[in-house]
Amino acid sequence: MTDAAFELAQVNIARLRFPLDSPELKDFVDHLDPVNADADAASGFLWRLQSEGGDATDIPVFDDAWLIVNMSVWRDANALTAFMYQGRHREMLARRREWFERVREAMTALWWVPAGHRPTVAEAEARLLHLRAHGPTPYAFTLRTSFPAQHAEPVPGEAPARGVTEDLECPV
């Protein structure tokens with residue numbers, strides 16, 4: 001059962017293998033708008049990070065030009081996974097190794113936010129770094145190891161310094 005006072009935030013980042021405007025990433029870039037439209041129409045979808053261009057590929061994360069960010073808020077984990085593993089998104093997910101480097105650190109984090117809160121990139125960076133340093137906790141977790149919503153609070157201020165960790169979950 002979902003607590004309507006809370007919503008599920010998710011961030012995933014990926015390290016590009018090629019520049020976004022390269023022929024190698026053409027299929028990925030060409031599918032961004034349709035996949036984002038599918039997300040926008042999905043049951044349980046509430047919000048996604050986007051710039052004026054309609055996606056988040058030009059929004060910096062961790063001050064690294066080779067990283068791209070995807071961040072969204074969903075009603076709950078069931079709504080998120082229903083979207084992730086069907087349709088165009090599933091097809092793109094199956095091809096992620098063509099476009100993104102495989103990394104050993106966590107690139108995906110989930111956390112509960114108060115209903116209506118829209119997380120910042122700094123908040124997402126802090127959650128990812130916490131997950132990398134401490135593994136899944138109620139503060140930042142994965143789909144494999146999740147926690148119920150309780151006392152969810154936005155993260156104030158800047159993201160802490162990067163940490164090193166082992167591979168916790170593959171990027172999407």
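Axes here are lines fitted to C-alpha atoms, for helices over the stretch in contact, and the angles between N-to-C directions run from 0 to 180 degrees. The model is a predicted one.

The axes of helix 1 (residues 26–41) and helix 3 (residues 87–94) approach to within 9 Å, and the crossing angle is roughly 150°. This crossing is left-handed. On the side of helix 1, the contact is made by Asp-27, Phe-28, His-31, Pro-34, Val-35 and Asp-38. Helix 3 supplies Arg-88, His-89 and Met-92. Sorted by class, the contact of the two helices holds 4 nonpolar, 2 polar and 3 charged residues.

The next element to follow is the sheet. Strands of a sheet pair through backbone hydrogen bonds, in either a parallel or an antiparallel arrangement. In this model, 4 strands form an open sheet with antiparallel pairing, and their order is 2-3-1-4. Strand 2 (45–48) and strand 4 each have a single partner strand, so they stand at the edges and one side of each lacks a neighbour in the sheet. On average, neighbouring strands of the sheet are turned by 25° against each other, direction ignored. Helix 5 (residues 121–134) packs on this sheet, where it touches strand 1, strand 3 and strand 4. The direction of helix 5 makes about 120° with that of strand 4.

Strand 1 (residues 6–15) can be traced through its pairings. With strand 3 (residues 67–74), strand 1 runs antiparallel and is joined by 8 bridges. With strand 4 (residues 108–114), strand 1 pairs over 7 bridges, again in the antiparallel sense.

Is strand 1 mostly covered or exposed? Strand 1 is mostly covered, with 10 of its 10 residues buried. The side chains can be followed in two sets. Phe-6, Leu-8, Gln-10, Asn-12 and Ala-14 point one way from the strand, while Glu-7, Ala-9, Val-11, Ile-13 and Arg-15 point the other way. Residues of both sets are buried, including Glu-7 and Arg-15.

Methods: Residues are numbered from 1 along each chain as its sequence is written. This is a predicted model: local features need pLDDT of at least 70, side-chain atom pairs count only at pLDDT 80 or more; totals for chains, interfaces and linings use all residues. Side-chain values use heavy atoms; hydrogens and water are left out. Buried means under 20% relative accessible area, exposed over 50%, partly exposed in between (1.4 Å probe, protein chains only). Helices (H or I, at least four residues) and strands (E, at least two) are DSSP runs, numbered from the N terminus. Two strands pair if DSSP finds at least two bridges between them. Contact means heavy atoms within 4.5 Å. A crossing is left-handed if the near helix is turned anticlockwise from the far one by less than a right angle, and right-handed if clockwise. Ala, Val, Leu, Ile, Met, Phe, Trp, Tyr, Cys and Pro count as nonpolar, Asp, Glu, Lys and Arg as charged, and the others, Gly among them, as polar.
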